[in-house]
Amino acid sequence: MYAIVEIAGQQFKVAKDQKVFVHRLAGNEGDVITFDNVLLTADGDQITVGAPAIEGAQVGAKISRHLKGDKVIVFKKKRRKGYRKKNGHRQSLTEIVIESIVSTGAKPAKKAAAKPVAKKAAPKKAAKGDDLKKIEGIGPKAAEALTNAGIETFAKLAKAEPANIKEILVAASSRLAHLEPGTWPQQAQLAADGNWDELKVLQDKLDGGK
């Protein structure tokens with residue numbers, strides 16, 4: 001039996017006892033986690049396809065270890081500007097072991113280590129805050145997640161810890177789990193201070209906020 005499941009914004013074909021490397025997940029080594037966004041299951045000749053996900057289907061797994069992938073060289077060059085930049089990048093990964101595949105009747109999965117950082121009475125409207133999308137690495141969904149968690153201005157983002165930002169993203173959606181917010185507070189501080197030229201220089205050196 002195998003299944004096609006979405007994990008941290010990526011789709012994987014998995015079977016029991018298989019080891020899978022996915023984008024870094026929140027959680028500790030040895031934690032048991034479940035994924036309920038199962039798109040397809042197959043047991044022999046019996047194939048079930050979701051629309052888009054199969055209701056009641058679930059994949060259970062255990063976090064084996066956290067690690068980093070192979071180094072990738074990122075080279076940037078601007079024509080006629082005399083600008084060249086060479087950086088190395090190693091993607092943060094998590095190795096998981098598939099323990100079970102349930103095709104029907106599973107309870108809704110709990111998000112792995114999803115601990116809300118800030119409680120609020122009601123979501124704040126983004127229009128009252130700053131445009132967080134000016135920070136490289138933050139898209140519309142990430143900006144919405146931060147705003148709903150009470151981080152709607154550059155000043156608040158500048159004071160936030162990257163680890164807490166990561167928890168907010170993972171709690172909001174598995175599709176945001178691959179984002180790396182390490183430089184977001186630094187960028188936000190420059191934006192809050194109005195140092196847009198310095199921010200532009202920094203962002204030219206970044207790739208997706210990293």
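Q: What sort of model am I looking at, by the way?

A: A predicted one, in which local features need pLDDT of at least 70 and side-chain atom pairs count only at pLDDT 80 or more, while totals for chains, interfaces and linings use all residues. Numbering starts from 1 along each chain as its sequence is written, and side-chain values use heavy atoms, with hydrogens and water left out.

Q: Thanks! How many helices and strands does the chain have?

A: Five helices and 10 strands. Both are DSSP runs numbered from the N terminus: H or I over at least four residues for helices, E over at least two for strands.

Q: Let's switch to the open sheet. What's its strand order?

A: The order is β2-β1-β5-β6, four strands with antiparallel pairing. Strands pair if DSSP finds at least two bridges between them.

Q: Which strands sit at the edges?

A: β2 (10-15) and β6 (46-49), each of which pairs on one side only. On average, neighbouring strands of this sheet are turned by 15° against each other, direction ignored.

Q: And how many bridges join β1 to β5?

A: Four, between residues 2-7 of β1 and residues 38-43 of β5, with the two strands running antiparallel. As an example, I4 in β1 has L40 in β5 as its bridge partner.

Q: Nice. What about β4, which of its residues are on the covered face?

A: I33 and F35 form the covered face of β4 (residues 32-35), while V32 and T34 are on the uncovered one. Strand β4 also pairs with β7 in the antiparallel sense, over four bridges. There, V32 stands opposite K62 in β7.

Q: Is A8 buried or exposed?

A: A8 counts as buried because its relative accessibility is 4%. The cut-offs are under 20% relative accessible area for buried and over 50% for exposed, with partly exposed in between (1.4 Å probe, protein chains only).

Q: And R80, what is its phi?

A: Also positive, about 60°, and R80 is not a glycine. R80 is found in the loop between β8 (72-78) and β9 (83-89). At 73% relative accessibility, R80 counts as exposed.

Q: Where is the cis peptide bond?

A: From A51 to P52, with omega near -5°. P52 has its place in the loop between β6 and β7 (58-68).

Q: Last one, on the whole chain: what share of the residues is buried?

A: Buried residues make up 37% of the 210. As for contacts between residues at least 6 apart in sequence, 64% join residues at least 24 apart.

Methods
Axes fitted to C-alpha atoms, helices over the stretch in contact; angles between N-to-C directions. Contact = heavy atoms within 4.5 Å.
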